[in-house]
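Here is a short briefing on one protein model. Look over the fold before reading the points below.

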Amino acid sequence: DAAQKKLERALQIQPDSFEANYNLGLVGLQVNNLDLVEEQFEHMRSVMMVPHSVQHSHVYFQLAKLQEKLHTNSLTGSSFRQTVTPAALQSYLQVLGISAADTDSRLFDKVGSIYEQIQDHQEANQYYNEAYRINPSDINTASSIGSYYIKLQATEKAIYYYERAVLANPNDPNLMLRVASCFRNSYLPPKQ
C-alpha cells in the first residue's frame, strides 16, 4: 500500500515516468489488483512507449502475464481449464520479436507450451527447438521435443533428445523409461 501511494504521488509529479508507471503495474500484480495492472500497462503500451525499445518488451511481457491471469480468473470454477488467450500469445510473440537477440530460452519454451495447449504441435516444436538451441541442458525442453517426435513416430530423433535429457539428469527414472521405450519401438532389444 505504501509503495502504491508513493508511486501514485510520483505520477502526479511526473505522469510520463516509465519507472513509476511500470512499478505501479508490478505493485498491482503483487496485490492482485488486475484493473490497476491493465490500466498501467495498456497506458504505457499505447501512449508512452518508443517502439522496439527494451523497455517496450518488458511491458508486453507483463501484459501477457496479465492476460493469462485474467483468463485463468475468468475460468475459475469452470471445467474447461485452458490457460492461454490469443492476446497473451500475441504479447509473448511481440516480446520475442522485439528482443529475440537477448531472450533467454524460457520465453521460447513458454511460447512452445502455449502452442502445445492450442494443439499446434508443429509450431510448438519450432519454439521448443529454439529454446533447446539456446539452452540444451533444459530437461523439460528436450523432453518436449522428444515427445513431439514420438507423436510423429520418429523414434530415432526422439532417442537423441531423451538421451540428452538423461545426460542432464541421469537419476530420473522416467527419462530412462522413455529411452527404453524408444529402443523397444525401434526394435533394438539389446539397448532396451
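Predicted model: local features only at pLDDT ≥ 70, side-chain atom pairs only at ≥ 80, totals over all residues.

The protein chain holds ten helices and zero strands. Of its 192 residues, 41% are buried.

**Overall fold**

- Read from the N terminus, the elements run α-α-α-α-α-α-α-α-α-α.
- Take the contacts between residues at least 6 apart in sequence: 43% of them join residues at least 24 apart.

**Helix 1 and helix 2**

- Helix 1 covers residues 2-13 and helix 2 covers residues 18-30.
- Their axes come within 9 Å and cross at roughly 155°.
- An angle over 145 degrees counts as roughly antiparallel, so helix 1 and helix 2 are roughly antiparallel to each other.
- Helix 1 passes helix 2 in a left-handed crossing.
- On the helix 1 side, the contact is made by Ala 3, Gln 4, Leu 7, Glu 8, Ala 10 and Leu 11.
- Helix 2 contributes Ala 20, Asn 21, Asn 23, Leu 24 and Val 27.

**Gln 40 in helix 3**

- Gln 40 lies in helix 3, residues 34-48.
- Its relative accessibility is 6%, under the 20% cut-off, so Gln 40 counts as buried.
- Neighbours within four places in sequence aside, Gln 40 is in contact with Leu 11, Asn 21, Leu 24 and Gly 25.
- Among these, Leu 11 also belongs to the helix 1 side of the contact with helix 2, and Asn 21 and Leu 24 belong to the helix 2 side.

**Helix 6 and helix 7**

- The axes of helix 6 and helix 7 are 8 Å apart, and the packing angle is about 165°.
- That makes helix 6 and helix 7 roughly antiparallel to each other.
- Their crossing is left-handed.
- Helix 6 makes the contact through Ser 105, Phe 108, Asp 109, Val 111, Gly 112, Ser 113, Tyr 115 and Glu 116.
- From helix 7 come His 121, Glu 123, Ala 124, Tyr 127, Tyr 128, Glu 130, Ala 131 and Ile 134.

- Gln 126 is found in helix 7 and is partly exposed, with a relative accessible area of 45%.
- The C-alpha atoms of Gln 126 and Gly 112 are separated by 7.4 Å, with the two residues 14 apart along the chain.
- Asn 129 is also placed in helix 7; at 23% relative accessibility, Asn 129 counts as partly exposed.
- Asn 129 and Thr 141 are twelve residues apart along the chain, and 7.9 Å separates their C-alpha atoms.
- Beyond its neighbours within four places in sequence, Asn 129 is in contact with Ile 145, Tyr 149 and Tyr 161.

**Helix 8**

- Helix 8 runs over residues 139-151, 13 residues in total.
- At 1.5 Å a residue, helix 8 should span 18 Å; its end C-alpha atoms are 18 Å apart, which agrees.
- At the start of helix 8, a side-chain oxygen of Asp 138 comes within 3.1 Å of the backbone nitrogen of Asn 140.
- Gln 153 follows helix 8 and has a positive phi, near 60°.
- Which residues of helix 8 are buried? They are Thr 141, Ala 142, Ser 143, Ile 145, Gly 146, Tyr 148 and Tyr 149.
- These buried residues pack against helix 6 (105-117), helix 7 (121-134), helix 9 (155-168) and helix 10 (173-185).
- Two of the buried residues, Ile 145 and Tyr 149, are among the contacts of Asn 129.

Notes. Residues numbered from 1 in each chain as written. Heavy atoms only, no water. Helix = DSSP H or I, 4+ residues; strand = E, 2+ residues; numbered from the N terminus. Expected span 1.5 Å × (residues − 1). Buried < 20%, exposed > 50% of the residue type's maximum accessible area, 1.4 Å probe, protein only. Contact = heavy atoms within 4.5 Å. Polar contact = N/O pair within 3.5 Å; in protein donor to acceptor, adjacent residues only side chain to side chain. Axes fitted to C-alpha atoms, helices over the stretch in contact; angles between N-to-C directions. Parallel < 35°, antiparallel > 145°, perpendicular 65-115°, else oblique. Left-handed = near helix turned anticlockwise from the far one by under 90°.
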